[in-house]
Amino acid sequence: MKILHIDSSTTGPDSVSRELTAAIVAHLAAKTPGAEVERLDLVANPVAHLDEVTTGALRLPPDAQSDAMKAAAPAELAYLQQFMGADVAVIGAPMYNFTVPSQLKAWIDRLGVPGVSFTYSEAGPKGLAGNTRVIIASTQGGMYEAGDVAEHQESLLRVFFGFIGVTDLTIVRADKIGFGPEMRAASVAAAKAEIAAL
């Protein structure tokens, strides 16, 4: 089994999402001896935000790309190849200002590649990256239910991964972590109980 372990929290050792992704990866590795874990820390090694060159490298056919786009393409496409090569992607996704951290969004932008992770037809979009199981460690300082007008974190992740074809997606959530130490500890404990049942 190949596990891709992704963190995006900027709060270092205080990060609940990092604590949960580590617990998820440890749980999966214990269940599958010999599992191979590849780590991607989007804070220590950030992915640049898209620009004209990187957008063209990801979206344009080679014959329409500039020399700069062609040179950038291998590194840009490597993120999607890494994702699609994993059996499981464990993603730490804290809520920052009602959505995911910008460094996580920059990585997600590398996964939406026409003709590789999705395609369009008269029947509409079809996802092509559905062989990877996705487990998201979602953390929220408050509490946001599905459909909440302020919630653009889990909803974005569900829509995007569904769009590229992911059908096996699990969200382990620890919310209310800003409500004080007792509530934070209770929420983390509940999330870890969910992890044990994965």
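Trainee: What should I know about the model and its numbering before we start?
Mentor: This is a predicted model, where local features need pLDDT of at least 70, side-chain atom pairs count only at pLDDT 80 or more, and totals for chains, interfaces and linings use all residues. Side-chain values use heavy atoms, with hydrogens and water left out, and residues are numbered along each chain as its sequence is written, from 1.

Trainee: Which parts does the pair R39 and D7 tie together?
Mentor: Their side chains meet in a salt bridge at 2.5 Å, N to O. Helices (H or I, at least four residues) and strands (E, at least two) are DSSP runs, numbered from the N terminus. R39 sits in strand 2 (residues 36-41) and D7 in strand 1 (residues 2-7), so the pair ties together parts 32 residues apart in sequence: strand 2 and strand 1.

Trainee: Is D7 buried or exposed?
Mentor: Buried means under 20% relative accessible area, exposed over 50%, and partly exposed in between (1.4 Å probe, protein chains only). R39 has 44% relative accessibility, so R39 counts as partly exposed. D7 has a relative accessible area of 1%, so D7 is buried.

Trainee: Which residues are linked with D7 in a network of salt bridges?
Mentor: R39 is one partner, as its side chain meets that of D7. The network links D7 with R18, R39 and D41.

Trainee: How many residues apart in sequence are K192 and E19?
Mentor: These two form a salt bridge, with the closest N and O atoms 2.7 Å apart. K192 is in helix 6 and E19 in helix 1 (residues 16-31), so the pair ties together parts whose separation in sequence is 173 residues.

Trainee: Are R110 and E76 buried or exposed?
Mentor: Their side chains meet in a salt bridge, 2.6 Å from N to O. R110 lies in the loop between helix 4 (102-109) and strand 4 (118-121), while E76 lies in helix 3 (residues 67-84). As for cover, R110 and E76 are both buried.

Trainee: Which residues form a nonpolar patch on the surface?
Mentor: Patch members have over 30% relative accessible area and no salt bridge; like charges are joined within 9 Å, and nonpolar side chains (Val, Leu, Ile, Met, Phe, Trp, Tyr) within 5 Å. M183, in helix 6 (residues 181-196), is partly exposed at 33%, and M143, in the loop between strand 6 (133-139) and helix 5 (154-163), is partly exposed at 44%. Accessible areas come from the Shrake-Rupley method with a 1.4 Å probe, and for residues only the protein chains shown count as cover. The patch has about 300 Å² of accessible area together, and its members are M143, F179 and M183.

Trainee: How far apart in space are M143 and G178?
Mentor: Along the sequence, they are 35 residues apart. In space, C-alpha to C-alpha, the separation is 9.5 Å.

Trainee: Where is A197 found, and is A197 buried or exposed?
Mentor: A197 is in the segment after helix 6. With a relative accessible area of 66%, A197 is exposed.

Notes. A salt bridge is a side-chain nitrogen of Lys or Arg within 4 Å of a carboxyl oxygen of Asp or Glu.
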